[in-house]
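Please keep the sequence and the model side by side while reading.

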Amino acid sequence: MTTRRKLIAGNWKMNGLKADGLALAKGVAEVLAAGPAPACDMLVCPPTTLVALVADAVAGSKLAVGGQDCHAKTSGAHTGDTSAAALADLGCGYAIVGHSERRTDHAETDAVVKAKATAAQAAGLVAIVCIGETLAQRDAGQTLEVNRRQLRGSLPDAATPENTVIAYEPVWAIGTGRVATPAQAQEVHAAIRAELAAILGAGPAARLRILYGGSMKPDNARELLALPDVDGGLIGGAALKVADFWAIAQSA
Ligand code: PEP
């Protein structure tokens, strides 16, 4: 029997100014408080500019806050970057690392992602480590191999079910409206869990959460979240509307 509590995480990406970010975060915290309580944890990851504002606004609620990235170093000459300790200091409990947009826009390698995840954990944050194949890799039959390789390369050495979440995000499904079929998602999630078992042992692998990300919406969430190895969602577009994000949480 699985003991994994689902996690519904919103990745706001580079969206929102103070007023709409605040309204969105408060809206989610309010529906969460009003109930019925969903059978999942809920998290929002605003842009760095809004983290302090959002964290203050939802402090004391059941809504967790996370960063979308962090630097591998704790401090120093890294203009424009944000340390994991600074995110924790603002009230974050999580940091996304290795999102495909970071891997593409900032040329982040698995080694960089691993260093960032390690830094997040050292600061007391849960690292949400993103992996996923491109369409070309899927079409070439390399899906499982690519995900296994990214997992091995990006997973911190001290990963545990408590300090790490994996997000499987097929690149071709992110922001495209094209979603993995349940069979495609389950196949990759099961392969990731098997690889985790080989790295961490069967016990920890059975408890570590693996999220699906890629055009998850209210109308496809129930089917995806019912899959045996899907332990929640990392949600972009649909996390920008309270009603949609809440509807996804309700189907968890
Ligand atoms: C994401 O940002 O991680 C994501 C999955 O986006 P979307 O839900 O918009 O595809």
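The text below goes from the barrel to one of its strands, then to the helices and to a single serine.

The model is a predicted one, in which local features need pLDDT of at least 70, side-chain atom pairs count only at pLDDT 80 or more, and totals for chains, interfaces and linings use all residues. Residues are numbered from 1 along each chain as its sequence is written, and side-chain values use heavy atoms, with hydrogens and water left out.

## The barrel and strand β6

Eight strands close into a barrel with parallel pairing, in the order β1-β2-β3-β4-β5-β6-β7-β8. Neighbouring strands of this sheet are turned by 25° against each other on average, with direction ignored.

| β5 (residues 126-131) and β6 | parallel | five | I131 and Y168 |

How many residues of β6 (residues 164-168) are buried? Five of its five residues are buried, where buried means under 20% relative accessible area, exposed over 50% and partly exposed in between, with a 1.4 Å probe and protein chains only. The cover extends to both faces of β6, with T164, I166 and Y168 on one side and V165 and A167 on the other.

## Helices α7 and α8

Helix α7 (residues 143-154) lies across β5 and β6, running at about 150° to β5; axes are lines fitted to C-alpha atoms, for helices over the stretch in contact, and angles run from 0 to 180 degrees between N-to-C directions. Helix α7 also packs against α8 at an angle of about 40°, with the axes 10 Å apart. That angle makes α7 oblique to α8, since angles under 35 degrees count as roughly parallel, over 145 as roughly antiparallel, 65 to 115 as roughly perpendicular and the rest as oblique. Residues making the contact (heavy atoms within 4.5 Å) include L144, N147 and L151 of α7 and V188, A191 and I192 of α8.

S154 has its place in α7 and is buried, with a relative accessible area of 1%. Leaving aside neighbours within four places in sequence, S154 is in contact with R103, D110, V113, K114, A117 and V129. S154 and A191 are 37 residues apart in sequence and 16 Å apart in space, C-alpha to C-alpha.

## Helix α10

In helix α10 (residues 218-225), N220, A221, L224 and L225 are buried. These residues lie on the same side of α10 because they cover an arc of only 125° around the axis, the arc being that of the directions from the helix axis to the C-beta atoms. The face turned away from this buried side carries the exposed residues D219, R222 and E223. The elements covering the buried residues of α10 include β1 (6-11), α8 (182-200), β7, β8 (232-235) and α11 (242-250).

Methods
Helix = DSSP H or I, 4+ residues; strand = E, 2+ residues; numbered from the N terminus. Pairing = 2+ DSSP bridges.
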